[in-house]
Amino acid sequence: MNRHDPGQPDPGASQDDAVWLDLVARLESDAVATRPDTPAGGQLPPSGTASETPKTHQPPSFRDFDPLGLAGMPPAELSAAERQAAAAGGTGAEPADPSDGPRDYEVDDDGGEFVPEEPPSLAGTDPLTMLAWLGAVGGPVALLLSAVFWRSAPLLAIVGIVAVFVLATVYLIMKLPQEKNGDDDGARV
């Protein structure tokens with residue numbers, strides 16, 4: 001069995017370093033070659049005048065990968081001082097328009113207080129629907145209360161509560177409308 005001598009350098013480590021450096025060099029050359037603002041060889045074009053300095057290598061940024069051309073220049077935005085000058089009627093870049101943005105207009109307050117409409121009376125509700133709601137809501141509540149306060153409840157009572165809950169829930173689901181109204185846009189709940 002070959003043992004490595006601690007005084008000798010590891011031959012595999014220098015080979016690994018060489019492979020790593022070669023890989024890094026190839027990746028850097030590929031990154032320069034794939035940039036859209038450089039020619040295919042990765043070389044910068046020769047300059048027309050001697051006074052120009054050649055461009056230094058910059059790593060590719062997010063804007064370099066833009067197949068749809070969406071990363072153009074952002075729209076020019078006025079500074080805070082320019083917006084205040086425009087609002088005050090000064091020499092801003094654009095005249096003040098009350099409909100420019102969400103904070104640039106005054107809300108017309110009618111002074112009235114919001115009064116919701118009266119909910120429909122429960123007296124006119126179908127008795128079977130009211131019992132179904134009581135069973136669907138009251139079933140889990142009754143199971144919880146029996147688990148807390150009536151630990152020795154007979155199995156028949158527990159099964160009865162579960163059956164009432166299931167039947168009430170099925171009844172309420174069956175009462176739902178079967179088809180959607182085509183004229184309803186869903187704006188009102």
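Partly exposed means a relative accessible area between the two cut-offs: under 20% is buried, and over 50% is exposed. Keep that in mind for the exercises below, and remember that this is a predicted model.

**Exercise 1. Work out how the protein is built and how far to trust the model.**

Along the sequence, that gives the pattern α-α-α-α.

Next, look at confidence. The average pLDDT is 75, and 60% of the residues score at least 70. Among the helices, α1 (residues 11-33) has a mean of 76, where confidence is lowest, while α4 (residues 155-174) reaches 96, the highest. A word of caution: where pLDDT is low, the predicted coordinates should not be read in detail.

Now for the surface. Of the 189 residues, 8% count as buried. The accessible surface comes to about 17,200 Å², and carbon and sulfur atoms hold 62% of that.

**Exercise 2. Find the salt bridges and say which parts of the chain each one joins.**

Take Asp-22 and Arg-26. Their side chains meet at 3.3 Å, N to O. Both residues sit in helix α1, four residues apart, which is about one turn of the helix. Is each one buried or exposed, or in between? Asp-22 has a relative accessible area of 39%, so it is partly exposed. Arg-26, at 46%, is partly exposed too.

Now go to Asp-126 and Lys-175. Their closest N and O atoms are 4.0 Å apart. Asp-126 is in the loop between α2 and α3, and Lys-175 is in the segment after α4, so this pair ties together parts that are 49 residues apart in sequence.

Finally, ask what Asp-126 touches. Setting aside neighbours within four places in sequence, Asp-126 is in contact with Tyr-171 and Lys-175.

**Exercise 3. Place Met-130 in the fold.**

Locate it first: Met-130 is in helix α3. Its relative accessible area is 29%, so Met-130 counts as partly exposed.

Which residues does Met-130 contact, leaving aside neighbours within four places in sequence? They are Leu-122 and Thr-125.

Last, compare sequence with space. Met-130 and Leu-172 are 42 residues apart in sequence, and their C-alpha atoms are 9.9 Å apart. For the protein as a whole, take the contacts with a separation of 6 or more: residues 24 or more positions apart account for 44% of them.

Methods. Residues are numbered from 1 along each chain as its sequence is written. This is a predicted model: local features need pLDDT of at least 70, side-chain atom pairs count only at pLDDT 80 or more; totals for chains, interfaces and linings use all residues. Side-chain values use heavy atoms; hydrogens and water are left out. pLDDT is the predictor's confidence in each residue, from 0 to 100. Helices (H or I, at least four residues) and strands (E, at least two) are DSSP runs, numbered from the N terminus. Contact means heavy atoms within 4.5 Å. Buried means under 20% relative accessible area, exposed over 50%, partly exposed in between (1.4 Å probe, protein chains only). Accessible areas come from the Shrake-Rupley method with a 1.4 Å probe; for residues, only the protein chains shown count as cover.
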